[in-house]
Structures are given as C-alpha cells and as structure tokens.
Amino acid sequence: MSLTHYLVLAAILFVIGALAVLVRRNALVALMGVELMLNAGNLMLVTFARMHGNLEGQVLAFFVMVVAAAEVVIGLAIVVAIFRTRNSASIDDVDLLRN
Amino acid sequence: MDTVNLAWLLVAIPLASATLLLLLGRASDRWGHWLGLLSSAVPAVLAIVILAEMLGVSDGERSVRVHMFDWITAGDFTVRAGLLVDPLSITFALLITVVGTLIHLYSVGYMAQDPDRRRFFAYLNLFVASMLVLVLGDSFALLFVGWEGVGLASYLLIGFWNQRSDYAVAAKKAFIMNRVGDMGMLVAMMAMFATFGSVDYETVFNAVPGTNEGVLTVIGLVLLLAACGKSAQVPLQAWLGDAMAGPTPVSALIHAATMVTAGVYLIVRSGAIFEAAPAAQLVVVIVGAVTLLFGAIVGTSKDDIKKALAASTMSQIGYMVLAAGLGPVGYAFAIFHLVTHGFFKAGLFLGAGSVMHAMNDDVNMRQFGALRTVMKVTWVTFALGWLAILGVPPFSGFWSKDLIIEAAFSGTGWQPWVFGGAALLGAGITALYMSRLYFMTFHGKARWHLPAQQGPGPERDPKEVGWTMTVPMIILAAGSVALGLVLYQGVPFLGFLESVTGTEAPDPVLPRWLLITLTMVLVVLGALIAFREFAVRDVPLEAPRGSALTRAARADLYGDTINETLVMRPGQVLTRTLVATDRGAVDGAVHGVARMTGALGQSLRKLQSGYARNYAATMVIGVIVVLVLVLATRV
C-alpha cells in the first residue's frame, strides 16, 4: 500500500462528498457529504502522520472529528427546526438568504 | 464739549422707538404716532444743542470723535464703532431731524385714515435712526450700516401699501437698483482695506497722499457707483420715479430731502480721495451734469405730480453731484444746495400730498387746476417752494443754485463751458417744468369737478387739510423763503463747513452779474412758456401725443428699456444658461454616478440566488481556481 493509494482514496471520498453537497437537495444527505469531505481530510492527515512517523497529524484528526461532531449537531438542529416550520428538508426550499 | 458725548442718543432714541412700535404691535396703535413724532423731535433738539455747543468753540476743535464700542475684534484687527460729530455731519443731522420731525407731524394727519399708521411711524423712525448712523458714523463701515438701513427703510416704506402689487414691485425695483450701488460701496471698502488696512475716515484720508493714483481712481469710481445708486443718478436713476408709490410723506423725507442726498454726502466726505484722483472727479461732474439735464427733461412731460417732483429731485441732486465733483470749490455749495433743497422740495412734496388728499389720491395734474381758490394754505406754501426751486431772488434756491452755477463755470479749458452751460440750461428747464406743474395744479380752469373725472369714488370736494399738515408746510415754506438768505448772508454757513470741506473761491470764466442775468432770463423764459401753455390756455384732459422728445421723456427717456435690454435680458439668459448647465453638467454628473452604481448593484444582485448549493458551488469553483493558480505558478 503506497502513499498514492491513500491519496487517491481520499480524493475519491472528497469528490463524492463535494458532489453530494452540490447535487443532492436533501439537507441530511448534504450534511453527510460534508462529513465525507471532512473524513477525506482526516484520512490525509493520518496518512501523512504515518509517513512522517509523528503524531501531530493524528492529533489534528481528532480535533477535526470533534469540530465535525459539533458542526453536525448544529446542522441537524437547523434541519430539524426548518423541517418543523416548513415540513421539508430540501435545501432549495430555503432561499431566504436572498432577501 | 459734553453734550456731544450724548450724540449716540440721536441714533438710539428713534431706533428704540422703532423697535418698541414694531414689537408692541397693535397694542400701541392709539399712541404710536405720537411716540414716533416725539422720538424724532427729541433728537432734533439734541442736535440743536450740540450745534450750539460746537459754535462755542474755535474752528479747529469742532470735529469730535465719540467712541462707542469696539465692533469687530479679531487678533490685532479692530473695527471701532464711533461717531464723528463735525460741521458736515451736524448739518446733516439737523436737516434729517428737523425736516424729519416736520414730516412726522405731517404724517400724523396724512396717515390718519390708515389702519397701519403705527407701523408707518415705526419705519419712519427706523429710517431716521439709519440715516443718522449714515451721516454720523466715523468710518466707511458704519456709514455702510446706515446706508443699508436707509435702503431697508426706503424699501419698506415704498412698499408700505404692498397690497397693490405694482407698489410692491416698485419697492423691489428700488431695493435691487440700490443693491447695485451697494456693491460699489462694498468694493470700495474692500479696496480701501487692501490699500490702507482700514476703513476708518481718519486713517484712510491721512493715507491718501502718496497712494497710487490708479488705485484711488478705482476707489473713487466705485464710490461714485454707490452714490449713483442711492442718489438716483444716471445710470442708476430708474428707481426714483417708481419709488413715488410710497406714501407722500415718505417721498418728501426719503426720496427728496434726505436719503437720496446720501450720495452727495458720500462724495463730499470722501473728498480727499476724489481730489487725488482727477479722472474720477471728472466722471462725477459728468454724471451730475447728465443727470441734472436728464431729470429736468423727464420732469417736463410727466402728468403725475409726484413723478414730476421726483424727476425734479433727480435733477437737483444732479446739481449737487456736479458741485461735489468740482472739488473744494463746490463741496460747500453742494451741501448748501442740499440743505435748501431739503426744505423747499420737502415742502413741495407735502403740498402735493395735501393736493392728493383733496383729490381722492389722484395724482394726474391734468385733472387738477385752479386749486388756489379752495386750498389757500397749500397754494401759498407751494408757490413759495416753487419760487425757491426756480431760483428767484431772494428765495433760498437762488443763493445755492447760483453758487453752483458759478462754480460750474470755474476752471480752465472746455470744462467750464460744458458743465456751466449744462447747469445754466438746467435752470431754465427747471423753471419750465416746475411752473408747468404749479400752473397745472393751482391755476387755469378747475378740471377736477368735470363729470368725466368723477370716478367711482366719492365726489371730489377739495378742502384745506388739518393743522398737523398745514403747520409743517408753513414751516418748510418759511425755510424755502428765508433759509438761503439767512445761511448765506446772516450766518457764515459756508465758512462753518470749511473746516471739513476746505475752501476755494469760484473763479467763473464769465462775470458773476452776467451769469445771474443769464440764469434769470432763462428762468423767466421757462416760467413764461409754462404760463402761456398751462395757465392761459386750457389744459387738455388727455395728454396730447406730443413730439418724439415728449414721448421719450414720458417714458423716462427709456431708462427702463435700457436697463432691460442691457442688464435684465442678458442676466436672464445668463441665469437660464447657468440653470441648464447646472441641470445638465453638474446634476448630470452626480445623478450619472448614482445611476451607474445602482445599475452595477442591480446586475451583481443576480449573483445572490439565496440557494445554499449555489454558494457551495461558488466556493468549490473558487477553491479549484485558487489551487490551479497556485499549482500553475509553482511549476
């Protein structure tokens, strides 16, 4: 297993995540896409930590997980709140940012 | 010298009265006119006391400066407000307060039927106060305060009956034409400040010797412009005829005796500047000569009794300006004529006012005639004023006008012949138009009771007016008779003025007796023509068409047309162009920038869709672009 394999896998994961955010209307799927991108980043961090033989990358990956957890909590809370008022979880129904 | 320190009261009393009457409003309607009269009479008495005191000391000590307060203080620059009491200013102060008091008294009767009599007296007091500031101030700055004050009072009083729009327009016309002159005054003060560093009489006049003649000529010419505006001299003469819209006492006080003579005062006071600038002096004389003929010619054709008198005032002030432009030889004569003219012209105006009272405020002389039979006092007083303005010896006008004619004939080269000739000719025309006015009004056949002349108003029933109106007329008539003789022969009035004006005996190119004879011949000739035309023959009720000159004179020698063509229309074109430029260029630029910013915002606004996925896509694309750029530059 060379470095290239890890990098390609991370890139594939990131692109899938980004596409999920851009293409899917469902807010939950979009959030999952965000998680996927973050985890692609995490994979890179851990990979390079292993390659260089120190722990800094791994520590940073933990931080990312914590932040991701918090972000998901807030994101899901917003989704629930919107669902309660509008009865919909579609991102495109929420265009209030324009006005 | 003690009373002189109270000179500020001369100004303060009428000013306080004016303020009080205006602030109290209707509450003072019942006694306001008596307060107004009193606050003109007290300064008159005070001025007489100051004069008596002045006569008690020697020539050199007669000029007193009374410091009042520091007006403007900024760093080491100070303008002091002080009064200058000297023979010249006290002469004016006396003329203003004495004639002013008589006219206040006359107004009590004249304005009796007017519901706004109190306001009228408040304005009259304001005028007296401003006029006294004008003549008593010891610097050009303070003179300017009075200058503007009398302009304001004149405006308010011309437009006193401003419910009639043509009267209001006349007031505005006077105000605006005066503004042109005031501009000259301001420029003169700025030039003085730039040259001498002060506008104080003493500093300025002491600094005149050794100053560049060109600068002095410019200052002299702008001062003359100021004088022309205030004194209705050509080319700023057109407002005076319309100013007759004001109540007749106003015409007598402001537009005959005092305010319009302020220009003469200014020229005489600034004598030091004019003497050092012969070119400016020559222009003064030319303006005076032109105006005296201009006014006289206009006067010959006017059927409106007040406008004829106004033209006559213009012409008589032309005499004074002419004399004032001659230098020390003429200053004292100008002031002398100013004083006698103040008396007889005020008397004539008051007479005209009482005639108007009897004629239901009609001013058309063609509808008067034979009033001597019904208005004895008015007739006699008017006749005495008429003889005085004609310059018949020994009435006042003779002494003063004769001296001016003599002075005009003094000098060398072509000037005495031209200016003297103008003055002489003017005297003849004066006799013609004043006699015309007098005969049309008081002699010939009565034309006021003809059925055709009875308008919708009450039937005309001319009666003599009440005592408040006859007493001033009698006193002024006495002045018209005797003042000239008394001031010339009785008391050395001209010598009294000398300490201010300097002196120089006139040296006419023709002998004095010949000049007097010539003047008298012309005067008698003028009067006889008028007698034949307007007393012996019937005066037509409708003005005949007349010659081209008559029609021109009737239209004020096209003064208004000239103003409109030369100033008003180009001015209108200029303002319209400026407005268009402002709208097109200035506003266009501002609005254009705003519209451009708005359009930009409108187009950028479309980027903001509000959809979270669009923003996310933008971010992704942005990141990719940045990455590509970074990687591309690193290769």
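As the model is predicted, local features need pLDDT of at least 70 and side-chain atom pairs pLDDT 80 or more, while totals for chains, interfaces and linings use all residues.

Chain A: I looked up helix α1 (residues 3–23) against helix α2 (residues 27–52) and found axes 7 Å apart at about 165°. Helices here are DSSP runs of H or I, at least four residues, numbered from the N terminus. Axes are lines fitted to C-alpha atoms over the stretch in contact, with angles from 0 to 180 degrees between N-to-C directions. α1(A) and α2(A) are therefore roughly antiparallel (over 145 degrees). Their contact residues split into 20 nonpolar, four polar and no charged. Nonpolar means Ala, Val, Leu, Ile, Met, Phe, Trp, Tyr, Cys and Pro; charged means Asp, Glu, Lys and Arg; the others, Gly among them, are polar.

Chain B: I then checked α4 (residues 117–136) and α5 (residues 140–158), whose axes come within 7 Å and cross at roughly 155°. α4(B) and α5(B) are therefore roughly antiparallel too. Contact residues (C-beta atoms, placed from the backbone, within 7 Å) include Tyr123(B) and Phe127(B) of α4(B), and Trp147(B) and Gly149(B) of α5(B).

Between chains: nine residues come from chain B and 10 from chain A. The chain B side has five nonpolar, three polar and one charged.

Key. Residues are numbered from 1 along each chain as its sequence is written. Chains are lettered from A and ligands numbered from 1 in the order in which they are written. Helices (H or I, at least four residues) and strands (E, at least two) are DSSP runs, numbered from the N terminus. Angles under 35 degrees count as roughly parallel, over 145 as roughly antiparallel, 65 to 115 as roughly perpendicular and the rest as oblique. Two residues are in contact if their C-beta atoms, placed from the backbone, lie within 7 Å.
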